[in-house]
Amino acid sequence: MSVGDENPFGELLQDYVLECLPLAEQVADTFVELERRWRAGDPADELLGSLPGRLHTVKGNSAMMGLTPAQETAHALEDACGLLRRSSERRTDPAAALLITGGGLLVDLVRQASPELDPGPAARYVERVRQWMQGEGPPAADTQSERRRTDRRGGGGADKTDSVVRVDFRRLDALLEVLGEGLIQHSALAEAYRRLARRSGACEELDRLDQTILALEKTLKRLESTLMETRLLPIASVFGRFPRMLRDTAEAEGKRVRLLQSGGETPLDKAVLDRLSEPLLHLVTNAIVHGMEPPDARSLAGKPEEGTIRLDAAPHAGRVVIRVADDGRGLDEKAIRKKAEALGQELRDDEVVPLRSLIFLPGLSTAEQVSRLAGRGVGLDVVAGAIHALGGTIDVETEPGKGTAFTLSLPVTLAIIRSLIVEIDHERFALPMAHVAETVRAEPDAIREINHRGVAQWRGDLIHVADGGAVLGTAAADRAPRRFYVVMAAGGKRQALLVDRLVGHQDIVVKGLDPALGRPDVVSGTTILGDGRVACILDSVRILEGGRRAG
Amino acid sequence: MPVEERQIRAPLLGFADAMEARAVADTASAPGPELHLLTFVLEREEFGVPVTQVREVIRVSDITRVPQAPAHVRGVANLRGRILAVVELRSRLGLPPADLTPRSRVVVVEVRGRVLGLLVDAVRQVTKVPEASVVPAPEEVISADVDYLRGVARWQSRLIILLDLEKALLPTE
């Protein structure tokens, strides 16, 4: 790669961030882990050994881009790590703190990737490292050799010989749009074929047309799955941001917390990941600030002073399940019920209204002290909203004194979802198959009324049957009885929706909602059907939640 | 200007020039700066919006209603694979909504980077009117929540009500 000084702000900088930011983040996370290990008496030699190579790459690339503050910070960190590798007696808390500060700084500098940054913070940090190193006389020779290697690397360039190509994610989005059009055209073809077949009866040409349309569908499916695979990233790219954040938050709160992760390799569509990081961050912050007891309270309760937060991800039945669990004090169910009651939620019977339907209510926060970090304002309702907007569900389990666990279930991709197309009051709607349990013909006597709400027997249980038109606000007064109901299930809730017609299954390409449309509760997006008409995608999760009111 | 937009706008402008040539021939002279308008009909009134904000005019047969959308939104339509939100300009201007007719059109406009469709009863023409012909709307018909009337052009025995699309379509921003 030759450096174009004449174009220092173009794509090269973008490439630089793409390559170096993950490295810088790994380095910064490793520093946090080092501190933990050192405190536990583990010298963590192999962890230390993983650092210089990464720092070296960041340093070299920063130098190539003329980003001096990042280059010098990486260099100082490299030197400090070199010293720490040689002398284990210097692996102390202050040293770890110094590294962690530098790691954060480096991540910031790389992320901003601007030649116009104030060089002050980096210069001051480099000076701090220099003084720290002089505290016990760093062997200067080694630093020299490090520097020589940098020069070589700086002039040389990329020596990677693998077959990986970096692609701007927007290009993948553009490809997906094209694929989407292909899918729509395919369903238009299939529809036209069906009509033609009905009109003219069987013949050889029609058979061939049918074969071709089937083959086209297979081709498009293959294209879809290949494209989807290219959009997948390991969830570690989001998890990776947590260790440093967790350490800073725990420090600020006076708590001792360690983070255990598993399933970081679980793949998710980048579009999902991008919108997942905020809500996850919020759950982890909540766990530290509200879930964890201070160290003394923990030891009084007979628990280890250091609390544990587990972040686990795993693929499950075509979706991804993520669990955020802490071993803290658990949710205060009484306080939550009291607060919910104050918010006007009817709580006639504790058994009937489970905790999980209360904790995600807007305005519900039982924390007595409002913390700076997990302050008021953004509550679990916002987290739940963000997860629902992704077509996901969120559930909570808690046990007093033992801890709290949030379980999220998310679709692997947002872009193309298998849906059931239904008709309600002459409009077509798409219902994501992920939340459709069954479709049932509505026999005249099958639906009874209890307390003015429709109920039906389903698999031995009574479930609420809501009228589609009433839920959507489209109900016409003089209509024929609806002929089908669709049983929807998500997050432990079940409900049926009465519809006029079941049109069929279709893979739909999800398109957004224009801001001009406001924020409809029951619609999560739009899509284009085979006949070119636009249909709204129903938000099954929101309908399941609102069903108590809307039915 | 992006190529696509130019391609769409060019015929409009060509049409406007032709209309203008006729107008000039009719009146011999139209001095002073001019407003370049696309005019359309709602109820019985003629409205005008700047041609520079118009991307194209389309015929739509299917507008899908969106549950719980604001009252002045008619729904969404398929604009060559893009989802276009269609504003019911009638209800936005305090007129009763009307059924689609063969003359109904959607005027696709771009306002502050956002593309929206305006459902109108019919499109009349692309025309130029002298700025000097524009007078403020009579105070009696203006109220606080009707700030989207820019004025009225009196031109060749016509009254063209000039709409401020930013105020009419992005009222809360």
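The request concerns the open sheet of chain A: in what order do its five strands lie, and which strands stand at the edges?

A: The model is predicted, and the description that follows rests on it throughout.

The five strands of the open sheet in chain A lie in the order 2-4-5-7-6, and their pairing is mixed. The edge positions fall to strand 2, residues 257-262, and strand 6, residues 393-399; each has a single partner strand, so one side of each is left without a neighbour in the sheet. Neighbouring strands are turned against each other by 15° on average, with direction ignored. In general terms, strands of a sheet pair through backbone hydrogen bonds, in either a parallel or an antiparallel sense.

Strand 2 of chain A runs parallel to strand 4, residues 307-316, and six bridges join the two. Within this pair, A:Val257 has A:Gly307 of strand 4 as its bridge partner. Strand 4 is in turn joined to strand 5, residues 319-326, by eight bridges, here in the antiparallel sense.

Chain A has 551 residues, of which 37% are buried. Among its contacts between residues at least 6 apart in sequence, 70% join residues at least 24 apart. The mean pLDDT of chain A is 80, and 85% of its residues reach 70 or more. Two stretches of chain A call for caution. Over residues 1-8, pLDDT stays under 50, and the model has nine contacts for them beyond four places in sequence. Over residues 137-161, pLDDT also stays under 50, with 18 such contacts.

Helix 7, residues 169-200, should span 46 Å for its 32 residues at 1.5 Å a residue; its end C-alpha atoms are 46 Å apart, which agrees. Its buried positions include A:Leu176, A:Gly180, A:Leu183, A:Ile184 and A:Ser187. An α-helix has 3.6 residues a turn, so residues three or four places apart point the same way. The buried residues of helix 7 pack against helix 8 (204-231), strand 16 (501-509) and strand 17 of chain A. After helix 7 comes A:Gly201, with a positive phi near 70°. Helix 2, residues 45-64, has 20 residues that should span 28 Å at 1.5 Å a residue, and its end C-alpha atoms are 30 Å apart, which agrees. Among the buried residues of helix 2 are A:Leu48, A:Leu51, A:Arg54, A:Leu55, A:Val58 and A:Lys59. Just after this helix, A:Gly66 takes a positive phi of about 70°.

Strand 17 of chain A also takes part in the contact with chain B. That contact takes 21 residues from chain A and 17 residues from chain B. On the side of chain A, strand 17 (523-528) and strand 18 (534-538) are the elements that give two or more residues. This side has 10 nonpolar, five polar and six charged residues.

Chain B comes to three helices and 11 strands. Of its 173 residues, 29% count as buried. Contacts between residues 24 or more positions apart account for 54% of those in chain B with a separation of 6 or more.

A:Arg459 has a phi near 50° and is found between strand 12 (453-458) and strand 13 (461-467) of chain A. With 9 other C-beta atoms within 10 Å, A:Arg459 is exposed. B:Gln156 likewise has a phi near 50°; its loop lies between strand 10 (149-155) and strand 11 (158-163) of chain B. B:Gln156 has 13 other C-beta atoms within 10 Å and is partly exposed.

Methods:
Residues numbered from 1 in each chain as written. Chains lettered and ligands numbered in written order. Predicted model: local features only at pLDDT ≥ 70, side-chain atom pairs only at ≥ 80, totals over all residues. Pairing = 2+ DSSP bridges. Helix = DSSP H or I, 4+ residues; strand = E, 2+ residues; numbered from the N terminus. Axes fitted to C-alpha atoms, helices over the stretch in contact; angles between N-to-C directions. Contact = placed C-beta atoms within 7 Å. Nonpolar A, V, L, I, M, F, W, Y, C, P; charged D, E, K, R; others polar. pLDDT = per-residue confidence, 0-100. Expected span 1.5 Å × (residues − 1). Buried ≥ 20, exposed ≤ 12 C-beta atoms within 10 Å, placed from the backbone.
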